[in-house]
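Subject: Structure handover

Hello,

Here is the structure I said I would pass on.

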Amino acid sequence: MAALLQDLQQRLQDPTIDYQTILLCIALGVGAFESYIGHRQKPFLSPLLHPTLPSTLKPFLPSPDSEQTYRKSQAYSKDKLAYASFIGRIDLLESFLLLSSITAPVFVALGLGSAVQSAFPWFGAGGEKGNWTLLKGFWDLAGGFPGATTELRQSLAFVALMTLLGTVLSLPKEYYKNFVLEEKHGFNKTTRATFIADQIKGLVLSLALEIPIIAGILKIIDWVGAAGMLRIVAWIMAFILAFQLIMIPAYPYLIAPLFNTFTPLPEDSPVFPLVKSLAQKLNFPLGRIWVMDGSKRSSHSNAFFFGLPGMTKHIVIYDTLLEKSTPEEVEAILAHELGHYAYAHVLVLLLTSLLQTAFSLSTFTLFLSNASLLASFGFSPSRLSSGGPTIISLLLAASLFSPMSSVLQFLTNGVTRKLEYQADEFAVKLGESYAKNLKGALASIHEKNLALTGTDWIYSAYHNNHPTLIERLDALDGALADGKGKEGKKDL
Ligand SMILES: [Zn+2]
C-alpha cells in the first residue's frame with residue numbers, strides 16, 4: 001500500500017502535467033455543476049409552474065393565508081437562489097484572479113501594471129517561466145512580514161493574510177445577504193452594530209483557531225517527512241480528534257456566548273415541566289435548560305442540546321421557537337432532539353467527519369512537495385525548502401480535489417438526513433400525540449421560515465443536510481402507518 005502510494009506520488013510529479021489548466025477547468029466544472037442543479041430547482045419556485053401549496057402540506061396549513069405564505073416562500077427561495085448563483089460567479093472570478101496567470105498581464109493591458117507594481121513590489125515579480133499568479137504574490141508578501149523567517153512562520157503569516165482578505169471580500173456579500181435579501185423578506189433582525197461586531201469577532205476567532213491547527217499540521221508533516229504519507233494521515237487525525245474533543249465542551253462556554261446571550265428557562269414557563277418530565281422519562285442526563293436570543297439576528301428558529309458523550313447534557317431553545325410554537329410543539333421538537341441523543345448521533349457525526357478528513361488528507365498527501373504542481377502556479381523551489389511551501393501544496397491539492405468534495409457533500413448530507421429521519425421516528429415511537437405535535441410544529445416552523453416550496457431531489461441532496469418539510473411529513477406518516485406510534489410502546 002505504502003509503496004503503491006509512493007509510486008503514485010512520484011508519477012504525479014511529472015513536469016509535463018499542466019496543473020494550472022487542470023485546476024482552473026475543475027473550478028469551472030464545479031461551478032457549471034452547481035449552476036446546473038440551481039437551474040433544476042428554478043421551476044419549483046415559479047408561481048406559474050407550481051401555483052398551489054404541495055398536497056402533503058395542505059392538511060397542516062388549512063388557513064386561507066397559507067396559499068399566500070406559499071407564494072411568499074417561492075419568492076424568498078427564488079431570491080436566495082439568484083443570490084447564491086451570483087455569489088458562485090464572484091467566487092469563481094476570485095479563484096481565477098488568484099490562480100490563473102492572466103492577472104498580471106490584464107493589469108498591464110489596462111495600463112495599471114506599473115502603478116500597481118510601484119505600490120506593491122511583489123506584484124508580478126519572480127514568477128517561474130512567466131506563470132506568476134496572485135497566489136505566489138501573496139506568499140511573497142507574507143514572507144516580507146516581520147518575523148516570517150522560517151517556512152512555518154511565513155505559512156502562518158500567509159494564512160492570516162488570506163483569512164483577512166477572505167473576510168474583507170465577504171463583507172459586501174454578507175451585508176447584502178442580511179440587509180437586502182433577508183430584510184426584504186422580513187427575517188433580518190441584525191443591527192449594523194451587531195453585524196460589524198460579528199464580523200470582527202468572527203475574524204479574531206478564525207485566526208485564533210486556524211493558526212494553531214495549521215501550525216500543528218505543518219509541524220507534523222515536517223516531522224514525519226513528505227514520504228511517510230500514511231503516518232502523516234494518522235498523526236494529523238489524532239491531532240484533529242484531540243482538538244475536536246477539546247472544542248465540543250469548550251464551544252458552548254467559550255465561543256457561543258461571544259455571539260449570543262443564554263438565560264435559564266424560567267421554571268414557571270409552561271415548557272419547563274414538559275421538558276423536565278420528557279427528559280426523566282427517557283433517562284436523558286439533563287443539566288440546564290437555556291433560552292438563546294436567536295431573535296437578535298434573525299427570526300428563524302431552532303433547538304439543540306450539547307455536552308460530551310457520557311456527561312450531563314444541556315438543552316438550548318431559541319427564543320423564537322418559544323414565541324412561535326405551543327408548549328406541546330416545543331416538547332415534540334425536543335423529543336426529536338432527544339432522539340439524536342438516544343441514538344448517539346453526536347458520535348456518528350464525529351466519526352463521519354473523521355472519515356471524511358482521513359479521506360481528504362490521504363489524497364492531499366499525494367501532492368506534498370510536488371515541484372511540478374507548485375511550478376505551475378509560479379513557485380520555484382523556495383529558499384526555505386527544496387520541495388516548495390507545504391501550505392501551498394495543501395491548498396492547491398484541496399482545490400484539485402474540489403469535485404471529490406462535492407461528492408462527499410452528497411454522502412455526508414445523506415448521513416445527516418438519515419439521522420433526522422431516525423430522530424423523527426424516535427419521537428413517533430413515544431406516541432401518536434408526539435407525532436401529531438411534531439408534524440404541526442415542523443409545519444408551523446417551516447411556514448414561519450417561508451420554507452414551503454417543493455424541491456428538486458438532486459438540488460436537495462446537494463444543498464440540504466436536513467430533509468425538506470414534505471419529505472419529513474411523508475416519512476412521519478409512513479412511520480405512523482407502520483404502527484410505530486402506538487401509545488405506550490416500550491421498545492424505544
Ligand atoms: Zn434533528
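Axes here are lines fitted to C-alpha atoms, for helices over the stretch in contact, and angles run from 0 to 180 degrees between N-to-C directions. Helices (H or I, at least four residues) and strands (E, at least two) are DSSP runs, numbered from the N terminus.

This is a predicted model, in which local features need pLDDT of at least 70 and side-chain atom pairs count only at pLDDT 80 or more, while totals for chains, interfaces and linings use all residues. Residues are numbered from 1 along each chain as its sequence is written, and side-chain values use heavy atoms, with hydrogens and water left out.

Helix packing

Two packed helices are described by the angle between their axes and the distance between the axes. Start with α12 and helix α16 (residues 402-429): their axes cross at roughly 115° and come within 7 Å. The two helices are therefore roughly perpendicular to each other. For the wording, angles under 35 degrees count as roughly parallel, over 145 as roughly antiparallel, 65 to 115 as roughly perpendicular and the rest as oblique.

The crossing of α12 and α16 is right-handed. A crossing is left-handed if the near helix is turned anticlockwise from the far one by less than a right angle, and right-handed if clockwise. On the α12 side, the contact is made by Ala335, His336, Leu338, Gly339, His340 and Ala342. On the α16 side are Leu419, Glu420, Ala423, Asp424, Phe426 and Ala427. Contact means heavy atoms within 4.5 Å. By class, the residues of this contact are seven nonpolar, three polar and two charged. Ala, Val, Leu, Ile, Met, Phe, Trp, Tyr, Cys and Pro count as nonpolar, Asp, Glu, Lys and Arg as charged, and the others, Gly among them, as polar.

Helix α12 (residues 327-342) also packs with helix α10 (residues 271-281), at an angle of about 30° and with the axes 9 Å apart. That makes α10 roughly parallel to α12. Their crossing is right-handed. From α10, Val271, Leu274, Val275, Leu278 and Ala279 meet Pro327, Glu328, Val330, Glu331, Leu334, Ala335 and Leu338 of α12. This contact has ten nonpolar, no polar and two charged residues.

A further pair is helix α9 (residues 229-259) and helix α13 (residues 345-365), whose axes come within 10 Å and cross at roughly 145°. This crossing, of α9 and α13, is right-handed. Among the contact residues are Met229, Ile232 and Val233 of α9 and Leu350, Ser353 and Leu354 of α13. The contact of α9 with α13 divides into 13 nonpolar, five polar and no charged residues.

Nonpolar cores

A nonpolar core is a set of buried Ala, Val, Leu, Ile, Met, Phe, Trp, Tyr and Cys residues joined through side-chain atoms within 4.5 Å. Buried means under 20% relative accessible area, exposed over 50%, partly exposed in between (1.4 Å probe, protein chains only).

The largest core has 51 residues, of which Ile392 and Leu396 touch the most other members. Leaving aside neighbours within four places in sequence, Ile392 is in contact with Leu135, Trp139, Phe158, Leu374 and Phe379. Another core, of 48 residues, lies apart from it and includes Leu53, Ala435, Leu442 and Leu452.

Residues in loops

His185 sits in the loop between α7 (151-184) and α8 (192-224). With 16% relative accessibility, His185 is buried. Setting aside neighbours within four places in sequence, His185 contacts Ala75, Tyr76, Asp79 and Leu450.

Leu450 is itself in a loop, between α17 (432-448) and α18 (457-463). Leu450 is not a glycine, yet has a positive phi of about 50°. Its relative accessibility is 10%, so Leu450 counts as buried.

Asn283 also has a positive phi, near 55°, and is a residue other than glycine. Asn283 lies in the loop between α10 and β2 (286-292), and at 65% relative accessibility Asn283 is exposed.

Thr326 is in the loop between α11 (319-324) and α12. Thr326 is partly exposed, at 37% relative accessible area. Thr326 and Pro270 are 56 residues apart in sequence, and their C-alpha atoms are 9.3 Å apart in space.

Regards
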